[in-house]
2 protein chains.
Amino acid sequence: MDIETLRARHPDHWMRAAAIRTLALDAVAAANSGHSGMPMGMADVATVLFEKHLKFDPKAPRWPDRDRFILSAGHGSMLIYALLHLTGYEDVTLDEIKNFRQWGAITAGHPEYGHVAGVETTTGPLGQGIANSVGFAMAEAHLRARWGAKVQDHYTWVIAGDGCLMEGVSQEAIGIAGKHKLNRLIVMWDDNGITIDGKVSLSDATDQKARFAASGWNVLACDGHDPEAIDAAMVAAKKSDRPTLIACKTHIALGHAAQDTSKGHGALTDKAQLEAAKAGYGWNHGPFEIPANIKAEWEAMGARGAAAHADWQARVAGLSAAKQAELRRIFTDEAPAKLPAAIRAVKKAAVEAPAKLATRSASEKVLAAVNPIMPETFGGSADLTGSNNTKTADLGAFNQETPAGRYMYWGIREHGMASAMNGMALHGGVRPYSGTFMAFTDYARPAMRLSALMGLPVVYVMTHDSIGLGEDGPTHQPVEHLAISRATPNTLVLRPADLVEVAECWEIAFSQKSTPSVMALSRQNLAAVRKTHTNTNLSAKGAYVLAEATGKRQVILMATGSEVEIALKAREMLEAQGIGTRVVSMPSMELFAQQDEAYRKKVLPAGPVRVAIEAGVRLGWDRWLLGERGRDTKADFVGMSSFGASAPYDRLYKEFGITAEAAVEKAKALL
Amino acid sequence: MDIETLRARHPDHWMRAAAIRTLALDAVAAANSGHSGMPMGMADVATVLFEKHLKFDPKAPRWPDRDRFILSAGHGSMLIYALLHLTGYEDVTLDEIKNFRQWGAITAGHPEYGHVAGVETTTGPLGQGIANSVGFAMAEAHLRARWGAKVQDHYTWVIAGDGCLMEGVSQEAIGIAGKHKLNRLIVMWDDNGITIDGKVSLSDATDQKARFAASGWNVLACDGHDPEAIDAAMVAAKKSDRPTLIACKTHIALGHAAQDTSKGHGALTDKAQLEAAKAGYGWNHGPFEIPANIKAEWEAMGARGAAAHADWQARVAGLSAAKQAELRRIFTDEAPAKLPAAIRAVKKAAVEAPAKLATRSASEKVLAAVNPIMPETFGGSADLTGSNNTKTADLGAFNQETPAGRYMYWGIREHGMASAMNGMALHGGVRPYSGTFMAFTDYARPAMRLSALMGLPVVYVMTHDSIGLGEDGPTHQPVEHLAISRATPNTLVLRPADLVEVAECWEIAFSQKSTPSVMALSRQNLAAVRKTHTNTNLSAKGAYVLAEATGKRQVILMATGSEVEIALKAREMLEAQGIGTRVVSMPSMELFAQQDEAYRKKVLPAGPVRVAIEAGVRLGWDRWLLGERGRDTKADFVGMSSFGASAPYDRLYKEFGITAEAAVEKAKALL
């Protein structure tokens, strides 16, 4: 079908969609950078969605019961900026669109969560949006079950491209959504047959519709340029008892010389071709110019949601004051006022009855105390529930029959799990934490980075955090993974040493509002190192003096997690030789770095030699060993410089030289 | 069907398979650790495979035309150890099996490539084996096309579990195999319906057979305990024109009290239950005891391949001496003798006509010179061919029609690409390199770690290696990714500064035999920094003096890649102020660390203050800034401490303070 026919068939719709297409063309041309073709291809689908289906209110973009719109194909960012501008999101001014991809503009190259109201998640790394959306739909189903449809009753709409569907994480997401019949999840696939390298058929022959059907999805198809067909598919999708894929047959860069080619994917900046495309659309307006009547039609779509929003507000106003406050609390990630007392109680009990305990087991004890007073927590594991110790008695499994359940059996899907946790946190009203083995940080990395970039307070429960896991061997033994998370901006790495520190670290993690936490926990049992109770959360300062030198302080030993008990043993040996030795427990480098210089110098004064002990690589330690500008002192490190091996863990510690004896020797060599 | 019936129906087969089951039970019980249930469930399938189909010769386990057997469900490692022991692989003695999972044993908890002949790849991280196998099958198809079926003509057999199929990477692998009709790839799915957390139905409702069919696979099914049905499926699979999935319906921990339960997944160590299982098998022998007649039957299977091996040797002996030498060369990862001269020619030409050039473009130039003289190279990109600059004119696309093509359009599948590259390298005869954006290291991480752990000389071409990529914004801008790769043991990170260094770095990468390389390349154009020609590969020492101080050396500036030109500019500014400044280019920290102390001290003498400049995080730099034991000097760092932003790249460098001015200021503050 040619442009003429499309225009003639639905002239009003056509011009509304043309507003998107021309804004995308103009913004990309102005930036001389970006992706024109996707917004041009999906303009019709997006127009019908915003006009007829999406429940949204540009005046209240954070309203908890709005529909969520996820642009998984994030490179087509001008699609969402155009939609938000046209429907009246006040931040997205025409100036912002003219400054697309420029320093200081909120209209970043890819949609960035937090820059623009209406951008529900950061996308660009392909497959993330569709996997986030599973978390959005889970959160909606869960909260609907707990709060009732009066409070939560909405859809999650996703636009995904071929790239999203080729990324493996999409399969994990599809599997989760299909299993749990997340029927409020509707994915519109931009089926344009084109990728950057050429036709999709160059690299893939998958029947996507059959693939989604195989995982239990409702599968529909439509001509992605026919507004009636699009609408009919959306109407049908909303009625399904399963998640829906709508395969929207589209033309990338519709109406441009680059239509249906991989060139159409990128920045279409040729002036003459741009003008020709606009002329073909019947669009006789200057760059960035939207005629008032068309803008008014779009703003009317934006105004449509005000009534639904007002209804929702009225319904919520009917809740008790306590319930309203609770709703506000969970949607603003406020920890409950009771949390500190619950943590203190765990700490007190721990000190009163010290026991050898793996920190993963300690973690379960803390969660058992916290989950009952934090109904917004939502736990899970990537098929390692018994190993990650993430399930407490009161949670109950989340599934279609019991959507109020607070525990997810994610299956063997670390990446999908992490990405869905992001979606849950973005949705709001739930505080997700889930576990896997720390070595499988690698599988979850793309989503963990986005947790940090978006500032989402999710918690990654990473157990089996060193060679201490023993016999499973080097594939399962993290060596570089503490360094990986520490290298990532805005990520809290917490590696507690015993039950007391575990309790403190959970308090820290569950008090975050804009930072994800990586909780590194041991498989093996560890001795209790905190012998006296203190109400203060010592871990909150990142590092603190656990044991002071008797006599002249000549050595400072630093350690985290399972190696703190080794440091204490080394201290005893050094002290026995008359060498005054302080032990610093450092559960979080990031938190320690945030302390003022006076505190940092108090914990790590210049002078004594320093040895750090951690069953991982050295990267990240030098700052604390040597001081940021150098010359603080002499220092050394006891840890790993290779991959691990398969054997019982105590043998591994000995063979890899992570022992009190090694620490003593290195310290003495520096004196 | 009960055990009695199974035994009665195929008594001889039954006892052969029982040898596997009892070895697995005994070894796991002795180790008090491991996974018994999978070997017990898949023993029948494996027995039929080794007895009737697998082309292998235990006396020549590295024979290039053997069939490859991949245990993707690597936790079932006792299955492969039992098979190798029984069929006569001499390394896998009964003592090794008795020492399963112990220090120094080759029988690691998960199968480790390089420990045991017959273990074709390291598995355990789920989904990797099946994705490796795509690379194996590609290499076979490619080499068959290039060398003829007389030289390469074999199958790749895979055992995969539900975990492998749930991991997203499996979808990427399935898609690649289906598209390219890799019909020598046969996957036996251990369809036992059980994962660690419980039934598969707890977390997944995918119709796996329909899913594979959707990607163009031949799909078969059989009773995984009926040797005739298994054999029939394997016969049919070998005749298919497409890759085949055989869904093998099995019982995990067959015949044990834990059969068909998630408990059966792990270590079955209860003595009475173990004895009961053996009794049920009709196995009246002591622990680790294999009756001579049964061992003889297994050894006969092992002997079967000798004839095929001898035939192959005879066929290869018929090749010209040059061809035979070439075959040996490519299967031992020897770089061709011509490589250094080709590299020198590129370097010479570069110095004679210096030009501003992105290092990714420089890389393409080098590849254009090298690919014609290294027919074993095999390039590719995850749908960023034009951006990664990995395709040179002579390669040709690999696909079913042109399997001799040396370039793969991987699609948007970084993880599957990396894992398949591992498979290609493991297969031998090809030297794979492929590209994506460096930020998407995250997607490829699980496979990149395995490249390092296995010691595979693959090359990751990671372009757009900093905020220098500009407008695409923080999702696409690596910040922590150099640190991530540097934190990983046995990984060469190469970040060249201009065409000369790029040529040197490719020589280094293509000369590796047991280390993967990460080639970090810029999107943006860079000035040439190497102005005089030298035959020596200066980058091979990891770091070298690029520009010496005039007068007293007060400052040493260190930089890599795109920041070397900033360091040179800062040097000019400092020298203009009378501050003698050396510039050290450091394309590889790992190579520099391998130099002797004398060289390291020559390049970085104690005394002058040091400033490092790199558009990434500081982690990893302190060792060179401060000296390993500290106190070398005072130092500072110019780089990133947050995620990036969306804007033109020169603006970003200015806004994030990665400038010559900043380096000058920091250096002067230390003096």
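Trainee: What is the bridge partner of A547(A) in strand 18 of chain A?
Mentor: The partner is V583(A). Strands here are DSSP runs of E, at least two residues, and helices are runs of H or I, at least four, numbered from the N terminus. This is a predicted model, where local features need pLDDT of at least 70, side-chain atom pairs count only at 80 or more, and totals for chains, interfaces and linings use all residues. Residues are numbered from 1 along each chain as its sequence is written, chains are lettered from A and ligands numbered from 1 in written order, and side-chain values use heavy atoms, without hydrogens and water.

Trainee: In what sense do strand 16 and strand 18 of chain A pair?
Mentor: Antiparallel, over three bridges. Pairing needs at least two DSSP bridges between two strands.

Trainee: Which helix packs on the sheet and touches strand 16 of chain A?
Mentor: Helix 21 (residues 564-576) of chain A. Strands 17, 18 and 19 of chain A are touched by helix 21 too. Contact means heavy atoms within 4.5 Å.

Trainee: New topic. Into which domains is chain A divided?
Mentor: Domain 1 (3-311), domain 2 (339-526) and domain 3 (542-670). The bounds come from an automatic or database domain assignment.

Notes: Axes are lines fitted to C-alpha atoms, for helices over the stretch in contact, and angles run from 0 to 180 degrees between N-to-C directions.
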